[in-house]
Amino acid sequence: MGSPCDRPRVIESLRGIEVVDVAAGGAHSACVTAAGDLYTWGKGRYGRLGHSDSEDQLKPKLVEALQGHRVIDIACGSGDAQTLCLTDDDTVWSWGDGDYGKLGRGGSDGCKVPMKIDSLTGLGVVKVECGSQFSVALTKSGAVYTWGKGDYHRLGHGSDDHVRRPRQVQGLQGKKVIAIATGSLHCEVYTWGDNDEGQLGDGTTNAIQRPRLVAALQGKKVNRVACGSAHTLAWSTSKPASAGKLPAQVPMEYNHLQEIPIIALRNRLLLLHHISELFCPCIPMFDLEGSLDETGLGPSVGFDTLRGILISQGKEAAFRKVVQATMVRDRQHGPVVELNRIQVKRSRSKGGLAGPDGTKSVFGQMCAKMSSFSPDSLLLPHRVWKVKFVGESVDDCGGGYSESIAEICEELQNGLTPLLIVTPNGRDESGANRDCYLLNPATRAPVHCSMFRFLGVLLGIAIRTGSPLSLNLAEPVWKQLAGMSLTIADLSEVDKDFIPGLMYIRDNEATSEEFEAMSLPFTVPSASGQDIQLSSKHTHITLDNRAEYVRLAINYRLHEFDEQVAAVREGMARVVPVPLLSLFTGYELETMVCGSPDIPLHLLKSVATYKGIEPSASLVQWFWEVMESFSNTERSLFLRFVWGRTRLPRTIADFRGRDFVIQVLDKYNPPDHFLPESYTCFFLLKLPRYSCKQVLEEKLKYAIHFCKSIDTDDYARIALTGEPAADDSSEDSDNEDADSFASDSTQDYLTGH
């Protein structure tokens, strides 16, 4: 046919011929008949049709060169295409364009009639496939061979090298592969290759160099696979036992929903999905920096109020669609940059910075080079720059770029640059988020603003390329980067002593003379620990001005990062559509930038010690089985509960001798009536001697979800005498105080009433 058609139509010239297999490439097609004959049609350039010429064929034409051979499989490539077929005498044939050696005969020459690939003869090939500029074959023994163009790791040999003869994929040795499929730039059995659209099924958009098992398909009894240009399908013969079934009861962690019938919750969820399906595809039509009602006829509601209502998948799909539409794909990498890692150690000053303001660090060097980057180079799907390390023999085929990103993340968090500071809780080694970082509010110079903008560029690159950053920023930072305002609860998350300190001033019953005798300065400690003067007319806090002091102190801490956040968002806007971030929560943005934090239990087990119980005891085994069943989110909550951190150190050495102590005590009686206790300063978990695994799981889940700070660390408030208050307050009661403070006085203080 010479014209397109919008619905299936019978190919008249094949009517009456029994066709048993078909294949389609980018611009040509083929079919195999029951008699073993091969017909091809479509674009004939480079001889891909096998008719000894380069003529286009509008109708199926018999490939005469294969007469006398029975064809049993056929594959058509895309782009400058090749064609492969398999005949029943255990022979693989190829023809068409030969660039990059994709015809498998050792060179780059093309041919216009089918020719044998001698190196595959006799290997028992049962299936052939063509990708874009590469080819694949599967043998009856389960071995996979690939050859052709190697960039984007599409061949699965662990490198970007082109391969001009069939080579077995070593990463699949020992496994009997039963099916193969190819996309434009990826193959799938296990999966490997390009992954910019998530086509490899590992939950990321990172390219994979060698075959890797798709974890989400384990146990699914997959018996067939297929790939499109940038998507993958798998057929499964199994159906989960829980498919289509509602849970018997609301999970314990959703305590506010306990009284609502399951069927009502299901209907609410369906409604939210429906709302998301209607709204998310229309997102590009709205001004996300405006509001829903600007007519003055009703209350104005910002689009950011939808961030907690819209389903994550719908928001992400809309966001990805915009990102993909602006992707630049005309090059494999951005500009080549020279980075000097040797000078970093030489220039590290006594204060810890690598050169003035950290400018000699890898981060600082990259920041200085950003002015030479064109806008287009920041919109690449993979390597935004190519690295040449000065004095090092590193040929960057992707590894050097990844290494520079990893080194930058490490520098941001090890003191080589001034942009990030550990949370106040981290400095005091108490409370939550002690392993997290904040933007440094003291860095305001022009060079710092440039650095914060480059940090934003890095965050945007991570989102666009799907290559996660190892940055452990506190949740309030992510909230602000997503366009959300901070609350008093956020301040308590990173500085547990700040609100109690203000409460002490607000509620103090001292006389005017006693207050003046304390000589409290009219300053507030910033997140970086500097004392900030809050007023030019007050030097000290008095009974008369303490309400104003509390209001100004809260206001300062809620907005002390605004300048740095604005610079970071300005940098992000060079790479991704920042207005769309108003639809995401802080946690969702963190996941987009850093991926889901993996908490490997084997590392936690390796530093575990036991008191009052043997490691082989049933209670210990139950504990680890429960931990294995936890999601990464629940494991993160557990770490927060027991250690005040959200992630584990990367290696055992990074624990610096700190053991995770599990202590079992018999003082809890009856044990099943008690919750676990934690001492975050000592990385200590105290467990009652629970009667069974089910009770242990129930109590531990309750503790991590509802008692994020059940902790017997001393959290005393200072009385007027300077001695600790008589009550032994746990962090739980302090959180109640903070909530009370927020509810009964925040509005008044912030409005000046």
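## A lysine and its neighbours

Leaving aside residues up to four places away in sequence, Lys315 touches Cys280, Arg307, Leu310, Leu583, Phe584 and Glu588, where contact means heavy atoms within 4.5 Å. Lys315 sits in helix H2 (residues 312-325); helices (H or I, at least four residues) and strands (E, at least two) are DSSP runs, numbered from the N terminus. Its relative accessibility is 1%, so Lys315 counts as buried (buried means under 20% relative accessible area, exposed over 50%, partly exposed in between, with a 1.4 Å probe and protein chains only).

## About the model

This is a predicted model, in which local features need pLDDT of at least 70 and side-chain atom pairs count only at pLDDT 80 or more, while totals for chains, interfaces and linings use all residues. Residues are numbered from 1 along each chain as its sequence is written, and side-chain values use heavy atoms, with hydrogens and water left out.

## Helices H10 and H12

Let us turn to a pair of helices. The axes of H10 (residues 498-507) and H12 (residues 546-559) come within 9 Å and cross at roughly 165 degrees. Axes are lines fitted to C-alpha atoms, for helices over the stretch in contact, and angles run from 0 to 180 degrees between N-to-C directions. The crossing makes H10 roughly antiparallel to H12 (under 35 degrees counts as roughly parallel, over 145 as roughly antiparallel, 65 to 115 as roughly perpendicular and the rest as oblique).

On the H10 side, the contact is made by Phe498, Leu502, Ile505, Arg506 and Asp507, and on the H12 side by Arg546, Tyr549, Val550, Ala553, Ile554 and Arg557. By class, this contact has 7 nonpolar, no polar and 4 charged residues (Ala, Val, Leu, Ile, Met, Phe, Trp, Tyr, Cys and Pro count as nonpolar, Asp, Glu, Lys and Arg as charged, and the others, Gly among them, as polar).

## Helices H17 and H18

For H17 (residues 632-643) and H18 (residues 693-706), the axes come within 9 Å and cross at roughly 75 degrees. That makes H17 roughly perpendicular to H18. H17 contributes Glu634, Leu637, Phe638 and Phe641 to the contact, and H18 contributes Leu700, Lys701, Ala703, Ile704 and His705. These residues divide into 6 nonpolar, 1 polar and 2 charged.

## A sheet of strands

Now for an open sheet: its 4 strands have the order S9-S10-S11-S12, with antiparallel pairing (two strands pair if DSSP finds at least two bridges between them). Strands S9 (125-130) and S12 (163-168) are the edges, each pairing on one side only. From one strand to the next, the twist averages 15 degrees.

S9 and S10 (residues 134-139) run antiparallel and are joined by 5 bridges. Glu129 has Val136 in S10 as its bridge partner.
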